[in-house]
Amino acid sequence: MPLGSQDDFSPMTSSGGAAFFAVLRDAAKELLAMHDVAPRVVRYVASMQKWLITQAIVALHFERKHDETRPPLTAGALIEFFAAELPFSKNTLTAHLAEMAAYGLLVPQECRDRRVRPVQLSAYGETMIGQWLASHLSALDRLDGGDRASSLGSDQRLLARIHPLTVRSLVFHPDWAQPPASVNLFVRTESGSNILHELICRMPASLEGIDQQVCLGPLPASDISTRHTLSRGHVQRVFSRAKSEGLLVWSLPGNRGDLFVSQTLLRDYVHWQAIKFRAISVAYGQAQEDLNGRSDARAHIRATMLSIA
């Protein structure tokens, strides 16, 4: 099922736009809450490069779990995953896999062939990814009154099916993997996704549109650096680049006073996130059809498309 392009929907200008932005704001809060609980784990998805590689690793794990005839998770399998595009060097992919294994997110898997060293996602890693997916499914349920999160909780097979379907759609979707310039300014940096989510989760609850810049109130760089264990200088450099592009504006000199976020950044973020939510919705419907043969799966997708679009 093709995801379509950004131009297929305009979340903030349609009837469900305000509701969708409220979902995005709450989703950002949940992602940051996960960071507060497990900062060293979340950092593996806190930049675009790390997100793509980590999610590919997890997808290969779940594909193997769903179908044991699939190859085990190895460095070779990860390289093959990206073979068509190869946006990362083989050394980068291998090093990322090794780092996750060293931290314990990946654990050795038994194999009769001693020449192969397969790994699998740890139980803790599965729990974290399950929480990530559950939060997104709950968000979709808020949009159309669905029961996806409840279905995931009652049938754990869905996690191993929905996740890889979602990731294979997103990793090679140019509008997701190559975010708009305003979004990319943040997510290409170390923990830049967390910095961006800090901005989004501070949006006023009363926000109904993004036809102008939005005031967040004071937001010192030190608040973000402390929460995310980043150097204050790193956060300030990200802020400075965003300021030079007109994406962030402060009411007083020296990045003091109230912080305003531009319409451009908000609009681009909404469209970019809509691609992810649409991919998850489509993957959920396909997983339900594959596993349970539910005839109403496509109806869930159509209803959600109307909410997001």
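Let's start where helix H3 (residues 48-66) packs against helix H5 (residues 90-103): their axes are 11 Å apart and meet at an angle of about 70 degrees. Axes here are lines fitted to C-alpha atoms, for helices over the stretch in contact, and angles run from 0 to 180 degrees between N-to-C directions. That angle makes H3 roughly perpendicular to H5, going by a scale where under 35 degrees is roughly parallel, over 145 roughly antiparallel, 65 to 115 roughly perpendicular and the rest oblique.

Who does the touching? On the H3 side you'll find Gln49, Lys50, Ile53, Thr54 and Ile57, and on the H5 side Thr92, Leu93, His96, Leu97 and Met100. Contact means heavy atoms within 4.5 Å. Sorted by class, the contact of H3 with H5 has five nonpolar, four polar and one charged residues. Nonpolar covers Ala, Val, Leu, Ile, Met, Phe, Trp, Tyr, Cys and Pro, charged covers Asp, Glu, Lys and Arg, and the others, Gly among them, are polar.

A quick word on what you're looking at: this is a predicted model, in which local features need pLDDT of at least 70 and side-chain atom pairs count only at pLDDT 80 or more, while totals for chains, interfaces and linings use all residues. Residues are numbered from 1 along each chain as its sequence is written, and side-chain values use heavy atoms, leaving out hydrogens and water.

Now zoom in on Thr54, which sits in helix H3. Thr54 is buried, with a relative accessible area of 5%; buried means under 20%, exposed over 50% and partly exposed in between, using a 1.4 Å probe and protein chains only. Leaving aside residues up to four places away in sequence, Thr54 touches Tyr44, Val45, His96 and Met100.

Next, the rings. There are ten aromatic pairs, where rings of Phe, Tyr and Trp (its six-membered ring) pair if their centres lie within 6.5 Å, with planes under 30 degrees apart called stacked, over 60 edge-to-face and the rest tilted. Phe20 and Phe277 make an edge-to-face pair, 5.9 Å centre to centre with 85 degrees between the planes. Phe20 belongs to helix H1 (residues 17-37) and Phe277 to helix H14 (residues 263-292), so this pair ties together parts that are 257 residues apart in sequence. Phe20 is buried at 0% relative accessible area, and Phe277 is buried at 0% too.

The pair of Phe239 and Trp250 is tilted: 5.4 Å centre to centre, 55 degrees between the planes. Phe239 is in helix H13 (residues 232-244) and Trp250 in strand E4 (residues 248-252), so here the linked parts are eleven residues apart in sequence. Phe239 is buried at 2%, and Trp250 is buried at 8%. Ring pairs also link Trp51, Trp176, Tyr269 and Trp272 into a cluster.

Stepping back, the chain has 15 helices and five strands; these are DSSP runs numbered from the N terminus, with helices (H or I) of at least four residues and strands (E) of at least two. Of its 309 residues, 52% count as buried. In helix H11 (residues 192-201), ten of the ten residues are buried.
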